Amino acid sequence: MNDLYLASLNPQQREAVAHFEGPILVLAGAGSGKTRVLTTRIAHLVHERGVPPERILAVTFTNKAAGEMRERVRILLNHEPAGIWMGTFHAIGARLLRRHAQLLGWTNAFTILDAQQSLRLIKKVQEVVGVDPQKWTPNTVRRHISTAKNRLLSPQRFVEAHGDNADLLTRTVARVYPVYQEALKKQNSFDFDDLLVKPIDLFKTFPEVLERYRARFSFLLVDEYQDTNHAQFSFVELIARPDDNLMVVGDDDQSIYKFRGADIRNILEFEEAFPGARTVRLEQNYRSTSAILDAANAVIVENVGRKGKTLRTDRVGGDPLTLIETLHEADEARVIVEEIRSCYQRGGDLHNYRDFAVLYRTNAQSRALEEAFRRTNTPYQIVGGVRFYERREIQDTMAYLRLISNPRDAGAFDRVVNYPRRGIGAVSLERLEAFAAQGGMSLLEAASRADESADVPPAGAHALRVFAVLIQRFSALAATTRVGPLLQELVEQLGLLGVLRDGSPEGEDRADNVKELIAGALEFDADVELEGVEEGEMDGFSELDLYLQRVALVADIDRHDPEADAATMMTLHNAKGLEFPVVFIAGLEDGLFPMSHSYDDPEEMEEERRLFYVGITRAQNKLYLTHARQRRRAGSIMYGRLSPFAGALPGRLLEQRTSELLKSDAFTTPHRGRFRERRESGFIPDEDFEISYDQDAPRLVKGERVVHATFGSGRVEEVSGFGPDVRVTVEFEGVGRKKLVARYAGLKKDFY
């Protein structure tokens with residue numbers, strides 16, 4: 001790489017790229033060119049510093065980002081960076097385990113269970129250990145197991161710490177977790193969390209393996225560092241020591257995945273974990289107008305837990321933010337779609353539907369929006385809705401492939417042993433399981449020998465043997481056949497398309513989905529998966545194994561098609577890392593955004609504010625904010641007021657509008673929100689904003705005196721929340737501060 005590449009960078013970017021040895025933290029604001037810094041640094045290390053590509057490990061958070069980084073590095077170097085390891089934490093973990101799983105008691109042909117497959121296994125384990133799935137849902141149990149794994153708590157340590165816990169749920173998880181993990185091992189499977197945790201177990205149990213990779217990777221780069229959890233931090237720390245040639249790039253203001261275990265302290269305390277680290281701030285934004293960035297800066301500055309930076313841009317001015325008040329969610333959806341269609345029809349720079357994105361806090365909000373898009377025949381795509389690989393017909397077909405790849409996959413066996421129906425009843429399966437357990441066999445092996453069991457009915461035993469022969473034949477075929485033709489032949493042999501086509505439109509859709517799966521398998525390029533793989537590393541693997549790994553690691557955002565001429569709908573969480581000329585943030589109501597529960601935890605409130613900041617900074621040219629007077633949530637009509645986050649927005653940056661339906665509504669017109677100036681630049685709703693139409697709201701304001709039947713007299717310190725979740729914090733004279741749910745508290749005004 002020559003000076004021409006460095007000259008195209010701004011001074012801060014150049015400082016980060018030119019840094020050579022030792023730890024460095026790059027605080028990269030939204031739209032500040034962090035991917036450019038990462039890729040240019042890799043090329044700089046190879047071209048200018050003479051670092052062999054195979055000595056570099058670059059970790060990203062999505063497959064899409066990894067692919068883009070590799071392509072950019074290839075262009076910069078003008079040749080393929082052969083040998084470099086580049087991928088997500090999960091993909092890197094899977095790659096390590098493919099090499100070394102046998103050291104931990106698995107084979108290298110293991111299966112990776114997705115979320116749905118993991119849930120089914122947990123439910124089965126719950127039934128085995130006597131935990132009622134109706135009382136303790138598998139999703140709740142899995143969430144706690146996932147948290148334990150990401151905190152590097154093994155089943156044994158979890159049981160020791162929580163087996164006698166006073167909390168019944170924690171004790172229940174302690175009963176399930178060890179049996180679940182043993183079931184995974186028995187069927188030669190890992191869940192998603194294991195792809196992070198097991199490589200750490202590998203390194204700690206076998207120090208010689210760790211030393212091998214420390215010697216292999218002289219330089220480590222990590223993207224989106226603010227989203228790392230404890231397990232990911234431990235992985236990075238283990239590899240980076242002792243030389244600490246580590247660059248982490250991230251933005252503490254965009255840390256929004258606490259619910260997945262992300263720990264913002266990893267980035268806030270980086271200099272403490274790696275003493276002597278250099279810090280570089282990238283504050284020059286190349287995406288948005290100054291109007292949008294001024295709004296974003298005004299919002300995020302209210303957070304306390306941050307390192308601090310201010311985004312700036314050469315795109316001075318720009319359209320103001322448009323704040324639109326609507327009557328209800330259907331009215332809000334209609335306004336958004338009408339605005340998109342109007343902008344599209346006006347033309348100008350906005351001549352594609354893909355220029356528009358609608359972002360929301362919860363997936364439930366997509367229903368009304370989707371109806372409005374469909375009603376007007378406006379093209380759209382949803383990211384994070386029903387995932388393609390979670391559709392039943394796709395799961396069924398993929399289960400066949402999983403069993404062909406890994407004969408010990410009990411979950412896959414259970415799913416397809418009688419699909420399509422082949423006359424294997426519940427009694428035959430129950431007795432087959434007993435036969436397998438007695439002989440220490442997998443279910444597939446037991447099926448191949450079912451005629452040896454006196455308990456399995458003859459008809460069932462015959463059908464089981466035929467099924468086992470089918471799977472064994474395709475397992476042998478997989479060793480020499482490309483995955484596309486293999487899947488084609490499997491679907492044809494099973495007659496799956498005919499089974500799915502039941503004469504209904506839904507059946508035709510299901511058949512089309514399987515055909516799309518086949519098309520994707522035919523396009524699968526194993527050579528891409530093998531980029532940077534050393535000779536002999538993948539001995540014993542079939543293309544099917546690689547295909548299943550790729551499918552298991554597909555993320556929601558990887559399925560976003562930026563070339564499709566359709567407006568994009570997605571949650572704010574899914575939008576991180578993307579950008580659009582025009583962005584709508586829908587549902588800007590107190591209790592929905594921020595969520596009601598965030599009022600109980602200052603850290604959660606700061607994360608909600610960071611999420612709003614992320615949404616704002618997705619917009620390049622224009623940002624709309626919409627909110628509704630009332631919204632149906634969980635079957636009830638909820639009345640709301642404008643989110644307090646709007647109070648941070650400078651008034652000079654805003655234009656306010658009201659929907660036509662709200663203007664014409666005789667009941668609500670007299671009660672439209674009135675705004676007053678706050679400080680010198682912002683506004684907040686009047687305190688009585690929602691009282692006239694929200695019967696659940698307390699007729700109370702901060703500073704008011706109240707009386708409680710039990711606690712006596714006190715002073716209102718805070719009013720927060722949404723609809724029936726409105727909460728009041730009161731400082732009582734006799735008992736101190738109490739936080740109460742307003743509708744149950746029975747508070748009365750104290751006029752004395």
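User: What makes the pair Glu237 and Arg241 a salt bridge?

Analyst: Distance. Keep in mind that this is a predicted model. The closest N and O atoms of Glu237 and Arg241 are 2.9 Å apart, and the cut-off for a salt bridge is 4 Å. So the pair passes, since 2.9 Å is within 4 Å.

User: And why are Glu237 and Arg241 called partly exposed?

Analyst: That label covers what falls between under 20% (buried) and over 50% (exposed). Glu237 has a relative accessible area of 26%, and Arg241 comes in at 21%. Both values sit in the in-between band, so both residues count as partly exposed.

User: Is Asp244 buried or exposed, and how do you know?

Analyst: Buried. Its relative accessibility is 11%, and the limit for buried is under 20%, so Asp244 qualifies.

User: Where else is there a cis peptide bond?

Analyst: Go to Phe593 and Pro594: the bond from one to the other is cis, with omega near 10 degrees. Pro594 belongs to the loop between strand 13 (580–585) and helix 29 (602–616).

User: What about Asn188, which has a positive phi?

Analyst: Phi of Asn188 is about 60 degrees, and the residue is not a glycine. Its place is the loop between helix 9 (168–186) and strand 5 (189–190). With a relative accessible area of 1%, Asn188 is under the 20% limit, so it is buried.

User: What makes Asn285 a buried residue, and what does it touch?

Analyst: Asn285 has a relative accessible area of 1%, and buried means under 20%, so the label holds. This residue lies in the loop between strand 8 (278–282) and helix 15 (290–300). Leaving out residues up to four places away in sequence, its contacts are Ala30, Gly31, Leu293, Leu311, Arg312 and Thr313.

User: How do you know that strand 12 is largely enclosed by the rest of the structure?

Analyst: Count the buried residues: 5 of the 5 in strand 12 (residues 567–571) are buried, so the strand is largely enclosed. In a regular strand the side chains alternate between the two faces of the sheet. Here Ala567, Met569 and Thr571 point one way, Thr568 and Met570 point the other way, and all are buried.

User: What makes strand 10 and strand 12 a pair, and how do they run?

Analyst: Pairing takes at least two bridges. Strand 10 (residues 356–360) is joined to strand 12 by 4 bridges, so the two strands pair, and they run parallel. Val358 has Met569 as its bridge partner in strand 12. Strand 11 (residues 380–382) passes the test as well, because 3 bridges join it to strand 12, again parallel. There, Gln381 stands opposite Thr568.

User: Why does the salt bridge of Lys307 and Glu271 tie together parts apart in sequence?

Analyst: First the contact: the N to O distance is 3.0 Å, so it is within the 4 Å cut-off. Lys307 lies in the loop between helix 15 and strand 9 (321–326), while Glu271 is in helix 14 (residues 270–273), so the bridge links parts that are 36 residues apart in sequence. Lys307 is at 23% relative accessible area and Glu271 at 25%, so each is partly exposed.

User: How many salt bridges are there in the whole structure?

Analyst: The search finds 55. Another one of them joins Glu508 and Arg501, at 3.2 Å from N to O. Glu508 is partly exposed at 33%, and so is Arg501 at 35%.

User: What makes up the lining of the largest cavity?

Analyst: Phe89, Gly93, Leu195, Leu196, Pro199, Ala231, Gln232 and Phe235 line it. The division is 6 nonpolar, 2 polar and no charged, with Gly counted among the polar ones. Helix 5 (89–104), helix 10 (194–205) and helix 12 (230–240) each supply at least two of the lining residues. The volume of this cavity is about 40 Å³, and the structure holds 4 cavities of 30 Å³ or more.

Note on methods:
Residues numbered from 1 in each chain as written. Predicted model: local features only at pLDDT ≥ 70, side-chain atom pairs only at ≥ 80, totals over all residues. Heavy atoms only, no water. Buried < 20%, exposed > 50% of the residue type's maximum accessible area, 1.4 Å probe, protein only. Contact = heavy atoms within 4.5 Å. 1 Å grid on protein atoms, 1.4 Å probe; cavity = no way out; pocket = protein on both sides within 12 Å on 5 of 7 lines; lining within 4 Å. Points joined across faces, edges and corners; volume = space filled by probe spheres on them. Salt bridge = Lys/Arg side-chain N within 4 Å of Asp/Glu carboxyl O.
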